[in-house]
Amino acid sequence: MRRTGTTRRGALTATGALALGAVLTGCGGDDEGAGGKRPAHSGARATTAKAEKALREKAVRDGALLLAQYDLVAEAHPAAAAGLVPLRAAVAEHGKALAPPRTKGEPKKGDDAPPAPPGPVSADPKAAVRELAAAERRRADAHTEALLSAGPELARLLASVAAAAAAHAYLLTELAEETAV
């Protein structure tokens, strides 16, 4: 026979649904929808937008530098290149995701040549892959530090990229151990 009335499971489900509805309602407002008036804090928003654009541009530059380093290691050590391909592709996608959005009327920037990575690639394949792992760790740390000054949307993206960079560092460390000298 089925119970009638309020059960503990039903009460918890209803409470969770109400809480979720309240959270989603609080997340949804549009500041400029208030009667067409401009919000009083628009100057702060412009400053935040500039800071966010600078964070994005720095992240893209750092990613381009890392891509160039991946290319040099793959070129110098063909045996390790197959293991680097998926990680390099992910770094390239991170760069696309982090690129600052273009505003209307802003000219499209051409594909600039990536900056040359610092120093030559190690002749030892294990050491070269370990250097890539260290670069990925530095990238993860930089993105994690940038979270403090990023807005919510960019912070989520930076956190995801930082987590991916940390995973890349781990995978590269494992690849370095498997790479033949």
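The model is a predicted one, in which local features need pLDDT of at least 70 and side-chain atom pairs count only at pLDDT 80 or more, whereas totals for chains, interfaces and linings use all residues. Residues are numbered from 1 along each chain as its sequence is written, and side-chain values use heavy atoms, with hydrogens and water left out.

Helix α3 comprises 21 residues, 78–98, and spans 29 Å from its first C-alpha to its last, close to the 30 Å expected at 1.5 Å a residue, the expectation being 1.5 Å times one less than the number of residues. At Leu 84, shortly before the proline Pro 86, α3 has a kink of about 50 degrees, taken as the angle between axes fitted to the seven residues ending there and the seven starting there.

Helix α4 (residues 125–146) packs with α5 at an angle of about 165 degrees, their axes lying 8 Å apart, where axes are lines fitted to C-alpha atoms over the stretch in contact and angles run from 0 to 180 degrees between N-to-C directions. The two helices, α4 and α5, are therefore roughly antiparallel to each other, a description applied to angles over 145 degrees.

Leu 171 belongs to helix α5, which covers residues 152–178, and at 41% relative accessibility Leu 171 counts as partly exposed, a class lying between 20% and 50%. Although Leu 171 and Gly 83 are 88 residues apart in sequence, their C-alpha atoms are 9.2 Å apart in space.

Note on methods
Helices (H or I, at least four residues) and strands (E, at least two) are DSSP runs, numbered from the N terminus. Buried means under 20% relative accessible area, exposed over 50%, partly exposed in between (1.4 Å probe, protein chains only). Angles under 35 degrees count as roughly parallel, over 145 as roughly antiparallel, 65 to 115 as roughly perpendicular and the rest as oblique.
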